[in-house]
Amino acid sequence: MAAPLLNGAENLKFRRGITPAGLGFVGSNFHVSCFPKKILVSYTRNSQSSRLLAPSCSISSSRPASQPRFIQHKTEAFWFYRFLSIVYDHIINPGHWTEDMRDEALEPADLYDRNMTVVDVGGGTGFTTLGIVKHVDAKNVTILDQSPHQLAKAKQKAPLKECKIIEGDAEDLPFPTDYADRYVSAGSIEYWPDPQRGIKEAYRVLKIGGKACLIGPVYPTFWLSRFFADVWMLFPKEEEYIEWFKRAGFKDVKLKRIGPKWYRGVRRHGLIMGCSVTGVKPLSRDSPLQLGPKAEDVKKPVNPFTFLLRFILGTIAATYYVLVPIYMWIKDQIVPKGMPI
């Protein structure tokens, strides 16, 4: 009885059907206090335009896919990184985003030409950009982030001195259509109030034949991790990544799983950097997908009490995910190699 509760329904497969209400996290209700009812269905794929380079995604429940989580709001995310930027490279990266993971996740981006034009959206402290400039000249790379505090850290890194560094919004990129050869975004989608809009923007700014590489978290199957994920920020399911890319117009969509070595493939707690998704832009100009108004108006005043409550609750939930990799590392040290953890 204990094993199913701990492991969730990791081995169950599910079937693509109608997109659940609130896929773009608009218009449905978000209840932090409840745990969603489990749904066990099978999964099949009949599209020839995408391929999943991993075991089928595991799901244990239908999570509340609705309005942005507490630190998924842009104002809250801005202030969250005002403090997190101080320790980001020293606390977050060692547990969730190592150099080995970064290089593995960037491999599908095909960064084979030093003269490529690359945009690193949500580039933050430039940790992912350091992996990009191994293959592309820094003068051809632009780092964009909404956090000036994160970008200040990027500016201090010698290999990135020639990169263009600008503040901007992933859902409203300041680049012309058909601009870049490669679009890279790592650890950013979890803060987008409308992920479909952000991926549509990725499509728009790429040249024909250009490739987008989006690296982000995966949704947990363990009930406690699901709870804290839904309080903190967006942890998409693998199918949602695929669907968002396809709806934006991308072809040859592929997903590659990544994770710290000491997790030994365990994904039930969710991984802040859990998969690398790529897609190719088949036609020039903007995405054929038509969207309505933005999910969140950053110019609209925010109620101070609402802001403070969301910020505190979201930060508490984030603390849980600082502890998870420590827990997994300890288990890796204690449990004999070859045995499941």
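Start by selecting helices H8 and H10: these two are oblique to each other. On the angle scale, under 35 degrees is roughly parallel, over 145 roughly antiparallel, 65 to 115 roughly perpendicular, and the rest oblique. The model is predicted, so local features need pLDDT of at least 70 and side-chain atom pairs pLDDT 80 or more, while totals for chains, interfaces and linings use all residues. Residues are numbered from 1 along each chain as its sequence is written, and side-chain values use heavy atoms, without hydrogens or water.

**Stop 1: the helix pair**

Two packed helices are described by the angle between their axes and the distance between the axes. Select residues 223-232 for H8 and 304-334 for H10. Their packing angle is about 140°, and the axes lie 8 Å apart. Axes here are lines fitted to C-alpha atoms, for helices over the stretch in contact, with angles running from 0 to 180 degrees between N-to-C directions. Helices are DSSP runs of H or I with at least four residues, strands are runs of E with at least two, and both are numbered from the N terminus.

Look along the crossing: H8 and H10 cross in the left-handed sense. That means the near helix is turned anticlockwise from the far one by less than a right angle; clockwise would be right-handed.

Now show side chains. Which residues of H8 meet H10? Leu224, Ser225, Phe228, Ala229, Val231 and Trp232 do. On the H10 side, pick Leu313, Gly314, Ala317, Ala318, Tyr320 and Tyr321. The contact of H8 with H10 counts 10 nonpolar residues, two polar and no charged. Contact means heavy atoms within 4.5 Å. Ala, Val, Leu, Ile, Met, Phe, Trp, Tyr, Cys and Pro count as nonpolar, Asp, Glu, Lys and Arg as charged, and the others, Gly among them, as polar.

**Stop 2: the rings**

Select Phe227, Phe228, Phe235, Tyr320 and Tyr321, which ring pairs link into a cluster. The structure holds 10 aromatic pairs. Phe227 and Phe228 form an edge-to-face pair, with centres 5.4 Å apart and planes at 75°. Rings of Phe, Tyr and Trp (its six-membered ring) pair if their centres lie within 6.5 Å; planes under 30 degrees apart are stacked, over 60 edge-to-face, the rest tilted.

Tyr320 and Tyr321 are also an edge-to-face pair, at 5.1 Å centre to centre and 80° between planes.

Colour by accessibility. Buried means under 20% relative accessible area, exposed over 50%, and partly exposed in between (1.4 Å probe, protein chains only). Phe227 is partly exposed at 24%, and Phe228 is buried at 18%. Tyr320 is buried at 16%, as is Tyr321 at 1%.

**Stop 3: Thr315**

Move to Thr315 in H10. Thr315 is partly exposed, at 29%. Draw a C-alpha to C-alpha line to Trp232: the distance is 7.1 Å, across 83 residues of sequence.

**Stop 4: two positive phi values**

Most residues other than glycine have a negative phi. Select Asp110, whose phi is positive at about 55°. Asp110 sits in the loop between helix H4 (99-106) and strand S2 (118-121), and is partly exposed at 32%.

Next, Asp252: its phi is positive too, near 50°. Asp252 lies in strand S7 (residues 251-257) and is partly exposed at 38%.

**Last stop: the whole chain**

Zoom out. The protein chain has 10 helices and eight strands. Of its 341 residues, 55% are buried. Among contacts with a separation of 6 or more, 79% join residues 24 or more positions apart.
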